[in-house]
Amino acid sequence: MTFKQKRYQTDESSLQKQLAKRLTTNEKKQYFNQGFVKGLPVFQSQSEIAFLQDMFLKLSSRLPKSIDINQVNAWHKFSLEFYKLCHHPAILDYVEDILGSNFYHWAGQFFVKYPNDGSEVPWHQDAQYWPLYPSQSVTVWLAVFNTSLENAAMQEVKRSHLNTKYIHRINNSAHYVLHEEVSSDQFNSTNIETVDLKAGQISLHDSRLLHGSGPNYSKHTRARITIRYCPTNVRCDLSVWPTFESYMARGEDNYKWNPIGQVPKGESYPVRKFQHSSEALWD
Ligand SMILES: O=C(O)CCC(=O)C(=O)O
């Protein structure tokens, strides 16, 4: 057994103790009233956090230099290790508290800001970008490193998920990671909250919540893993997203609206934003 495998075994046993942690009544209330909840522990020990950070370094270094990590999606279709993270019981327990017992996983991506790389995520609602009906996705934002305003943590506008009327305009600025933007005169800036997280913690947010993040002027890389889930009643319009695939996370799919993706057979990497799992090549 290698050192890393041994270390992972320790991680698994200490994680079992945490599986009992689910959302409290107040955390659930906050999610539904404000659109998000933050600071939820998933990976806590030094070895668990080192495992997560090693995974980020390993997967990101697998990408050819010509590929921008923020512009490739669907790591869960191309890396078994990443897929297993998306189905980690501690994460699924939290998501189940929001979505109920039948839900699928459908996205997995890194959002990285290296020191002074200038990249920004404009204010937006995820639901604006996605042909998923109804808009009921939950996003898990897992911090790979400690994240605060200093290294460009994500910011969210409390209660904005209750207003579906924000106008998004195209902004093709090169330093923008996404290109549909909500102007800041459409919401009250006193409702902005910073999603500061310690490495290994997660936040959950509603797909209708306004959020974004500024540039990282600090010396510390800001990296997070985004994982997205939907209850089984949510259907994707495949004429808009033909590569959309679902992976059951908990319970039963009584609707069977969406195609089912193939679980990765090993370790590879995505090369574009939208890819089908059948595009993966395994040795
Ligand atoms: O990480 C960020 O700054 C933004 C992420 C985001 O837009 C998302 O998870 O939907």
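## A pair to start from

L142 has I225 as its bridge partner in β12. Strands here are DSSP runs marked E of at least two residues, helices are runs of H or I of at least four, and both are numbered from the N terminus. Two strands pair if DSSP finds at least two bridges between them.

Before going on, a word about the model: it is predicted, so local features need pLDDT of at least 70 and side-chain atom pairs count only at pLDDT 80 or more, while totals for chains, interfaces and linings use all residues. Residues are numbered from 1 along each chain as its sequence is written.

## The chain as a whole

The chain contains six helices and 14 strands. Its radius of gyration is 18 Å, close to the 19 Å of the globule rule for 283 residues, so the chain is as compact as a globular protein of that length. That radius is taken over C-alpha atoms, and the rule is 2.2 Å times the number of residues to the power 0.38. The C-alpha trace spans about 55 × 50 × 45 Å along its principal axes.

Of the 283 residues, 38% count as buried. Buried means that 20 or more other C-beta atoms lie within 10 Å of a residue's own, exposed means 12 or fewer, and partly exposed is in between, with C-beta atoms placed from the backbone. Among contacts between residues at least 6 apart in sequence, 83% join residues at least 24 apart. A contact requires C-beta atoms, placed from the backbone, within 7 Å of each other.

## The six-stranded sheet

Here is where β5 and β12 belong: an open, antiparallel sheet of six strands in the order β1-β10-β5-β12-β2-β14. The edges are β1 (36-41) and β14 (247-250), each with a single partner strand, so one side of each has no neighbour in the sheet. On average, neighbouring strands are turned by 30° against each other, direction ignored. For such angles, axes are lines fitted to C-alpha atoms, for helices over the stretch in contact, and values run from 0 to 180 degrees between N-to-C directions.

β2 and β14 are joined antiparallel by three bridges, with H105 opposite Y247.

How buried are β2 and β12? In β2, 11 of 11 residues are buried. In β12, nine of the 10 residues are buried, so this strand is largely enclosed by the rest of the structure.

An α-helix has 3.6 residues a turn, so residues three or four places apart point the same way. Just after α5, G100 takes a positive phi of about 90°.

A second open sheet has four strands in the order β3-β11-β6-β9, with antiparallel pairing. Its edge strands, β3 (121-125) and β9 (192-194), each pair on one side only, and the twist averages 20° from one strand to the next. Two bridges join β6 to β11, and Q155 has G212 in β11 as its partner.

The loop between β6 (155-157) and β7 (168-170) holds N163. N163 is partly exposed, with 13 other C-beta atoms within 10 Å. The C-alpha atoms of N163 and L210 are separated by 9.5 Å, although these residues are 47 apart along the chain.

## Around the ligand

Which residues surround the ligand? They are F111, V121, D126, T139, W141, M154, H211, S213, R224 and T226, each with its C-beta atom, placed from the backbone, within 6 Å of the molecule.

By type, the shell divides into four nonpolar, four polar and two charged residues. Nonpolar covers Ala, Val, Leu, Ile, Met, Phe, Trp, Tyr, Cys and Pro, charged covers Asp, Glu, Lys and Arg, and the others, Gly among them, are polar.

Notes
Contact = placed C-beta atoms within 7 Å.
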